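These are my notebook entries on a single structure. I list what I looked up, entry by entry.

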Amino acid sequence: MRRLPVYFLVDVSESMVGEPIQQVQDGMRMIVQELRTDPYALETAFISVIAFAGKAKCISPLTELYKFYPQTFPIGGGTSLGAALNFLMDSMDKELVKTTLEQKGDWKPIIFLFTDGTPTDDTTVAIARWNNKYKKSANIIAISIGDNADTHILGKVSDNVLRLKATDSISFKSFFKWVTASIKATSVSVTDMGDDEVKLAPTSSINLEKVDTTERCIIDENFVVLFGKCSNTKKTYLVKYAKRLTDIEGLEDIQMKGTEYRLVGAYPVDEEIYNSLCDSKSDRNINVMSLRGVPTCPCCGNQLGVVVCECGGIMCSDGQTTACPWCGMEGTLGAIEAGGMSITRGKG
Ligand SMILES: [Zn+2]
Ligand SMILES: [Zn+2]
């Protein structure tokens, strides 16, 4: 039997923390459940999941549908698309059965690439490798989750670049239905017609649009994500802020707007897994004056989830004297709203 391999290459960078990664998680579960009820897909489709942040990691190797169990997604720092593509190509080399004189190999694999950000590594070599050796023998569909992905770069690896315009749970659900329908249609097409060009389901009535990738895009970062450590449990967490444009006092009538970042939430992350998916230390700074809102610590419930130590580390505090879980220094610390110092922030 010839397999129809389906790869999911999923961005798990910091900006995906919280709702988006949960939606993708639920979406994967739904895809697998639905495909299992489809006789064509059940016969042919094999699924693999690769997650990438600063580094790429196999979450699930190519597995037949009835044995596939959706794993929990990790979160890491950075968006190394180049590393992700290399990891994908290495996996394809290892896992796919090639057609030879003696045997018919796998059908052309379908690759769904989900990303919400701009690559933080150099993608040139990986993209050249992809286009030289892999592009013709694969169907790759790149999906920008929200409008922060560099669709110009995605256009260099895929002729099918789409943007999921809204990221609420209804939009995500209909999007994953579309993914499922596209896999079903392709598995029918390979089984009945022997045609393994991907058959994408219609995108009408869902919040998905085809992107013109010839246009260079200017990416405006929509999130700031801070990496904190709980001063009580020593566990790590991420604090996510979303960008908002605001009126500037006295300048309401003209086009000038100010920028501020409003709290989205704070989420525990496994430090070991997080670090194993980071590429290099973050080097971008943000002025804490533009951050609005302080979360409670998601690990211990302390009132102040974002307190900045002199060492630059972010921790939680009950507002009293706290020992910094990063450097050990003890002191009474100012909350984030107190000063205008710059703090180290995650790479997103
Ligand atoms: Zn805490
Ligand atoms: Zn410190």
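Entry 1, aromatic contacts. I began with the aromatic cluster, which consists of Phe 8, Phe 112, Phe 114, Phe 172, Phe 175, Phe 176 and Trp 178. I note that the model is predicted. My count of aromatic pairs came to 11. For Phe 112 and Trp 178 I found ring centres 6.5 Å apart and planes at 80°, so I recorded the pair as edge-to-face. Phe 112 belongs to strand β4 (residues 110–115) and Trp 178 to helix α6 (residues 169–193), so the pair links distant parts of the chain, 66 residues apart. I looked up the accessibility of Phe 112 and Trp 178 and found both buried.

I found Arg 2 over the face of Trp 107, 3.8 Å from the ring centre. Lys 240 lies over the face of Phe 223, at 4.5 Å from the ring centre.

Which protein atoms are the donors of the zinc ion (ligand 1)? I recorded SG of Cys 230, Cys 297, Cys 300 and Cys 316, lying 2.3 to 2.4 Å from the ion. The four donor atoms subtend angles of 105 to 113°, which makes the arrangement tetrahedral. Cys 230 sits in the loop between β8 (223–229) and β9 (236–247), whereas Cys 316 is in strand β14 (residues 314–317), 86 residues apart. I found Cys 230 and Cys 316 buried. The donor spacing in sequence reads C-x66-C-x2-C-x15-C.

I traced an open sheet of six strands with mixed pairing, in the order β12-β10-β9-β8-β14-β13. Its edge strands are β12 (291–292) and β13 (304–308), each pairing on one side only. Strand β10 (residues 257–269) pairs with β12 in the parallel sense over two bridges. I identified Arg 292 in β12 as the bridge partner of Arg 262.

Definitions and conventions: Residues numbered from 1 in each chain as written. Chains lettered and ligands numbered in written order. Predicted model: local features only at pLDDT ≥ 70, side-chain atom pairs only at ≥ 80, totals over all residues. Heavy atoms only, no water. Pairing = 2+ DSSP bridges. Helix = DSSP H or I, 4+ residues; strand = E, 2+ residues; numbered from the N terminus. Donors = N, O, S within 2.8 Å, 3.2 Å for Na, K, Ca; no water. Tetrahedral: all angles 85-135°; square planar, octahedral: opposite > 155°, others 65-115°. Buried < 20%, exposed > 50% of the residue type's maximum accessible area, 1.4 Å probe, protein only. Phe/Tyr/Trp six-rings, centres within 6.5 Å; stacked < 30°, edge-to-face > 60°. Lys NZ or Arg CZ within 6 Å of the ring centre and 35° of its normal.
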